Amino acid sequence: MSTPDLLYSEAEDDLRAAVRSLLADRCPPATVLSQAESGRAHDVALWGALGAEMGTAGLLVPDKLGGQGATAREAAVVMEELGRAVAPVPYLTSAVLAASALLGCDTDQEPVARLLGALAEGRTVGALALPLSTVAGVPGTPAATVRADGDGTLSGQVSGVAGAAGADVLLVPATGADGYGLYAVGTAETSVTVEPLTSLDLTRPLAAVTLTGAPARKLAGPERAAAAMGRALLTGAGLLASEQLGVAEWCLTETVRHTKERHQFGRPIGSFQALKHRMAALWLELVSARATARYAADALATDSPDTPVAVAVAQAHCAEVAVRAAEECVQLHGGIGMTWEHPAHLYLKRAKSDEIALGTPGRHRQALAGLVDLAAPTG
């Protein structure tokens with residue numbers, strides 16, 4: 001087994017610089033706030049520039065299928081930068097979750113390859129019709145609340161679906177006479193209703209999806225569909241750790257900047273020992289979070305047998321670090337950190353939303369215990 005590579009390559013650094021430059025120009029905090037207030041599912045123009053023009057939508061998709069032929073390592077770099085900007089784009093839901101689910105299907109089938117190519121080009125937005133809280137990395141198939149009828153249609157409802165409101169196509173797990181399967185459904189169908197829900201994180205809104213005899217195309221049967229869903233959720237959870245890392249990085253950087261500039265009693269508040277200790281402790285946690293997030297990304301990229309362990313460790317740690325960093329950011333900014341105009345609340349909401357996305361830290365610790373044969377305490 002090869003040694004994990006936790007460092008960034010030159011190509012990854014170049015990718016980071018390009019994505020950061022784009023987001024700095026097209027996605028400053030004021031723009032994110034405006035997007036959050038607009039009621040739109042995501043920033044269409046930004047997604048066009050990032051996903052289609054820059055090609056990040058196809059990083060996980062092989063060249064022969066219309067993608068960039070990169071790996072989870074490069075996708076993790078993009079996720080970090082999106083976390084730093086809390087960018088309102090469907091990268092996690094479309095380019096990671098939906099694309100990974102399709103990659104788990106038979107890509108030699110023309111419908112699968114065509115849809116995967118469309119997602120990779122960024123001209124089609126997909127979403128996995130599962131609650132965002134669905135736990136990744138646990139044995140068994142994610143429960144399906146949709147039934148496949150014998151006439152090639154789907155009926156049922158799924159709530160808490162991230163990315164559904166702005167999606168062109170939904171990938172829907174459903175059960176029918178032939179067992180568990182994965183189906184593609186176009187959101188333009190009149191028999192498909194996508195109802196926005198009140199979401200904590202307005203930059204990644206949730207929706208309830210209702211299918212009433214919706215025409216569907218079957219993409220995978222029982223065994224393949226179950227494996228594809230498991231792989232998609234595991235990939236999503238592993239790369240979500242990098243987004244959480246990006247959130248924590250921005251919060252610490254912004255907090256240090258603010259405490260250097262804010263003066264009390266004739267000196268910067270950052271010079272007070274109590275605040276120094278809090279920021280130093282947070283920096284140590286962030287360094288550990290980077291190591292676990294990079295380990296998960298590298299394990300996914302190399303298809304390591306330790307991938308489930310790496311993802312569970314990353315999620316158990318990075319989720320809590322992101323929340324702690326965001327809470328410290330709000331508190332150490334004082335009164336201004338509590339205002340709508342300051343972007344700190346966007347990062348706290350993203351961190352809290354991410355904490356329950358694809359499994360809570362507690363659920364990932366529980367999964368990790370099973371993976372390493374660590375018995376739960378008794379009595």
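**Figure 1. D303, an exposed loop residue.** D303 is exposed, because its relative accessible area is 53%. Exposed here means over 50% relative accessible area, buried means under 20%, and partly exposed lies in between (1.4 Å probe, protein chains only). D303 sits in the loop between α8 and α9. The phi of D303 is positive, near 55°, and the residue is not a glycine. Most residues other than glycine have a negative phi. This is a predicted model, in which local features need pLDDT of at least 70, side-chain atom pairs count only at pLDDT 80 or more, and totals for chains, interfaces and linings use all residues. Residues are numbered from 1 along each chain as its sequence is written, and side-chain values use heavy atoms, with hydrogens and water left out.

**Figure 2. L358, a buried loop residue.** L358 is found in the loop between α10 and α11. L358 counts as buried because its relative accessibility is 2%. Its phi is positive, about 55°, although L358 is not a glycine.

**Figure 3. Helix α11 and its cover.** Helix α11 spans residues 361–371. Its buried residues are P361, H364, A367, L368 and A369. An α-helix has 3.6 residues a turn, so residues three or four places apart point the same way. What covers the buried residues of α11 includes α7 (222–261), α9 (307–332) and α10 (344–356). Contact means heavy atoms within 4.5 Å. After α11 comes D373, with a positive phi near 60°.

**Figure 4. S353 in helix α10.** S353 belongs to helix α10. S353 counts as buried because its relative accessibility is 11%. Leaving out residues up to four places away in sequence, S353 touches L132, L200 and D201.

**Figure 5. Strand β4 and its partners.** Strand β4 covers residues 169–176, and six of its eight residues are buried. Two strands pair if DSSP finds at least two bridges between them. β4 runs parallel to strand β1 (residues 126–128), joined by three bridges. In this pairing, G126 stands opposite V169 of β4. Strand β2 (residues 146–148) also pairs with β4 in the parallel sense, over two bridges. Here A148 stands opposite G176 of β4. Strand β5 (residues 179–186) runs antiparallel to β4, with eight bridges between them. The bridge partner of V169 in β5 is G186. A hairpin of two residues joins β4 to β5.

Figure 6. The assignment gives domain 1 (10–125), domain 2 (127–221) and domain 3 (226–372). Such bounds come from an automatic or database domain assignment. The centres of domain 1 and domain 2, taken over C-alpha atoms, are 21 Å apart. Their contact takes 21 residues from domain 1 and 19 residues from domain 2.

Figure 7. A cavity is a set of points on a 1 Å grid over the protein atoms alone where a 1.4 Å probe fits but cannot get out. A pocket is an open set with protein on both sides within 12 Å along at least five of seven lines. Lining residues have an atom within 4 Å of a point. Grid points are joined across faces, edges and corners, and a volume is the space filled by probe spheres set on the points. The count comes to three cavities of 30 Å³ or more. The largest cavity has a volume of about 120 Å³. It is lined by 15 residues, and the closest to its centre are A41, P90, G163, R204 and P205. Domain 1 and domain 2 each give at least three residues to this lining. By class, the lining has nine nonpolar, five polar and one charged residues. Ala, Val, Leu, Ile, Met, Phe, Trp, Tyr, Cys and Pro count as nonpolar, Asp, Glu, Lys and Arg as charged, and the others, Gly among them, as polar.

**Figure 8. The second largest cavity.** This cavity has a volume of about 80 Å³. Two elements give two or more residues each: α5 (91–103) and β3 (153–162). The lining has nine nonpolar, one polar and no charged residues.

**Figure 9. The largest pocket.** The largest pocket has a volume of about 320 Å³. Of its 14 lining residues, the closest to its centre are L60, L103, R231, T235 and L300. α5, α7 and α8 (273–302) each supply at least two lining residues. Domain 1 and domain 3 each give at least three.

Terms used. Helix = DSSP H or I, 4+ residues; strand = E, 2+ residues; numbered from the N terminus.
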